[in-house]
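Here are my notes on this one, as numbered points. Have the model open while you read.

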Amino acid sequence: MITIDFRDSRPIYEQVRDSLRRLIVSGALPADEKLPSVRELAARLVINPNTIQRAYRELEREGYIVSVPGKGSFARPRAGADSERARELLRIFDDAAEELMYLGLTASDLKSRLDGKEAKADEN
């Protein structure tokens, strides 16, 4: 599920956040699925609960999870994704596409790659 690489230069909370985001986006963690409690996940990963809490806070801010007081945190349905997060990712995408084209890839190369991603998403 989630692995921590202590040699990774990214902070641990970012690794946890990115792993959970990947599980939600891929469907491995379905919408409305309850996430482990902060303490449970911290104990499982042998890290500070504050680290997990920060990762959960970031995911909630980005629109990937919702916290219900007294119940826990749950993966949000796909439609609940935050439009701000979409704008942020599109900005990153534009920057990456621009750099890839500078490095010699064509718009056609990028479109082929996107078509492959779309086909893979349709399979799921």
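1. Start with the H4–H5 pair: the axes of helix H4 (residues 83-102) and helix H5 (residues 107-123) come within 10 Å and cross at roughly 130°. Axes here are lines fitted to C-alpha atoms, for helices over the stretch in contact, and angles run from 0 to 180 degrees between N-to-C directions. H4 and H5 are therefore oblique to each other; angles under 35 degrees count as roughly parallel, over 145 as roughly antiparallel, 65 to 115 as roughly perpendicular and the rest as oblique.

2. Who touches whom there? On the H4 side the contact (heavy atoms within 4.5 Å) uses Phe 93, Ala 97, Leu 100 and Met 101, and on the H5 side Ala 107, Leu 110 and Leu 114. That makes seven nonpolar residues, no polar and no charged. For the classes, Ala, Val, Leu, Ile, Met, Phe, Trp, Tyr, Cys and Pro count as nonpolar, Asp, Glu, Lys and Arg as charged, and the others, Gly among them, as polar.

3. A word on what you're looking at. This is a predicted model, where local features need pLDDT of at least 70, side-chain atom pairs count only at pLDDT 80 or more, and totals for chains, interfaces and linings use all residues. Residues are numbered from 1 along each chain as its sequence is written, and side-chain values use heavy atoms, with hydrogens and water left out.

4. Overall, the chain has five helices and two strands, in the order α-α-α-β-β-α-α from the N terminus. Helices (H or I, at least four residues) and strands (E, at least two) are DSSP runs, numbered from the N terminus.

5. Next, H1 (12-26) and helix H3 (residues 49-62) pack at about 50°, their axes 8 Å apart. H1 and H3 are therefore oblique too. Among the residues that meet are Tyr 13, Arg 17 and Arg 21 in H1, and Arg 54, Glu 58 and Glu 62 in H3. This contact divides into eight nonpolar, one polar and five charged residues.

6. Which residues lie nearest the centre of the largest pocket? They are Val 25, Arg 78, Leu 89, Lys 117 and Ala 121, out of 32 lining residues. H4 gives the most to the lining, with eight residues, and the lining as a whole divides into 19 nonpolar, four polar and nine charged. (A pocket is an open set of points on a 1 Å grid over the protein atoms alone, where a 1.4 Å probe fits, with protein on both sides within 12 Å along at least five of seven lines; lining residues have an atom within 4 Å of a point.)
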